[in-house]
Amino acid sequence: MSDYPETQLYIGGIWRDGSRERLSIVNPASDEIIGTVANAGRDDLDEALATAATGFEAWSRFSAVERAKLLHKAAQLLRDRVERIATIMTLEQGKPLAESKSETLAAADIIDWFAEEARRAYGRVIPSRSLNVRQLVVKEPVGPVAAFSPWNFPLNQAVRKVAAGLAAGCSVILKGPEETPASCAELVRAFADADLPTGALNLVFGIPADISNHLIPHPIIRKVSFTGSTSVGKQLAALAGAHMKRVTMELGGHAPAIVFDDADLDLAVRILAGAKFRNAGQVCVAPTRFLIQEKIYARFLDRFVKAAEAITVGNGLDSETTMGPLANGRRVEAMETLVSDAVARGGKVATGGERIGNHGNFYKPTVLTDVPLSARILNEEPFGPVAVMSPFSTYEAAITEANRLSYGLAAYAYTTSGKTSAALSRDIQSGMISINHHGLALPELPFGGIKESGYGSEGGSEAMDNFFNIKLVTEAI
Ligand code: NAD
């Protein structure tokens, strides 16, 4: 596959192979092996750690203005390379080319935003109890960071960690996604080509548990940032805790989407269906539990099913495709298991409910109804193109169901009542709630969950703060 590059590690400013056997990359639209990725052993990781330590010494001494300039340069390189990067992303991850392009351009925007934020990382002067004492609060970069990013957004999950960390003056060892490595490597290449100092950013791939077990406890690493499932996040948070490392965890979600009788139905269907099936539902903030008030339930369901059936599933490189394959075979198996469990418990398939063909990981956009709360899909993050519709009667019933799970990442609501929307924003237990539009994940907005969806933010000035130590300087003058 000529458009698809072989992916190397990037350690100490050099693109190179790892000491272990390379891993194969499969195109999820065709099941073909399209390339390989380098596989880091312990020796490679030790080199990455050593260069991250010296890289931190160098990079943390760059002024905020110099760091910002270099980050802006990397952002521009991503924009210049958008066509090539998007093609690579679609080949390895499956999403439609238009989504790959917008992900690449969004990554550039995120870098620009953190570049600007670097220049505004103000400390504080605290009025003292004595005229002869000066009290300052200073923000200092926390140190070398171990960052772990997943395959669903090969650029955008990585760029939030890399751009915020670098903007703060940290060095970063990024463990990229082994199944979608080449587009993530293009993000690192943009920084490398923008002349980041040696060791400030390093990229490794390999066996995830081997890498996290080696990097997280290592004394050089001062901060851990992970995006992925809650179960893995708990293991890594425990490991980080044992070694007293700062942690940001962006984990799974099971977002309620509550549509009230008074909602603008067309708006709700259009936006929620778009958000549900984007990236084939493999989005941590995708709406997954649809709670529709009784009076409009039948109409909402009818229109949502039509929207699902209007989706063109196919190879992401085809211009008419609006939903690509699932990114790996595990997700198809998960959809089959979750749907058959729901049906066995009395659930009904309103549309979809099965894979498409025998090649590639294609699965029909699916809507389920009459699913009991005991079904697995109403308790486990689906992470795929399946929407579950349930009617509700009262505001209280909707809130009880929305808050029932241990997840608390995103929530959505549609209502034209100001009173209801104010009450929702108070009562919903989630890190983010978007009402009457889909307004999440902009660079300047906090992005993160509560409860078992994790802690720490991956957006806004809060994201930068995760990469700073606070130092108090108190001085008698
Ligand atoms: P998984 O839980 O094994 O892996 C999820 C991610 O964590 C992958 O990127 C993987 O490389 C990484 N990972 C796994 N074990 C690790 C370890 N010990 N150390 C470091 N990194 C490790 O499962 P999966 O099949 O890849 O994905 C399935 C589930 O993961 C989904 O159902 C979803 O809940 C979750 N997920 C969430 C996000 C997100 O954006 N929050 C992204 C991808 C996957």
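This report looks at the ligand and the residues around it.

The model is predicted, so to speak of local features a pLDDT of at least 70 is needed, side-chain atom pairs count only at pLDDT 80 or more, and totals for chains, interfaces and linings use all residues. Residues are numbered from 1 along each chain as its sequence is written, and side-chain values use heavy atoms, with hydrogens and water left out.

Let us begin with the shell. The ligand is surrounded by 23 residues, where near means having a heavy atom within 4 Å. Trp151, Ser212, Ser229, Arg330 and Glu381 are the closest. Domain 1 (9-251 + 454-476) and domain 2 (255-442) both contribute to this shell, so the ligand lies between them; the domain bounds come from an automatic or database domain assignment.

At least two shell residues come from each of α7 (208-215), β10 (223-227), α8 (230-242) and α11 (329-344). Helices (H or I, at least four residues) and strands (E, at least two) are DSSP runs, numbered from the N terminus. With 3 residues, α7 gives the most.

Next come polar contacts, pairs of N or O atoms within 3.5 Å.

| Side chain | Distance to a ligand oxygen atom |
|---|---|
| Asparagine 152 | 3.3 Å |
| Glutamine 157 | 3.0 Å |
| Arginine 330 | 2.7 Å |

Taken alone, the ligand exposes 790 Å², and the protein buries 85% of that; accessible areas come from the Shrake-Rupley method with a 1.4 Å probe.

Key:
A polar contact is a pair of N or O atoms within 3.5 Å; within protein, one must be able to donate a hydrogen and the other to accept it, and residues adjacent in sequence count only if both atoms are side-chain atoms.
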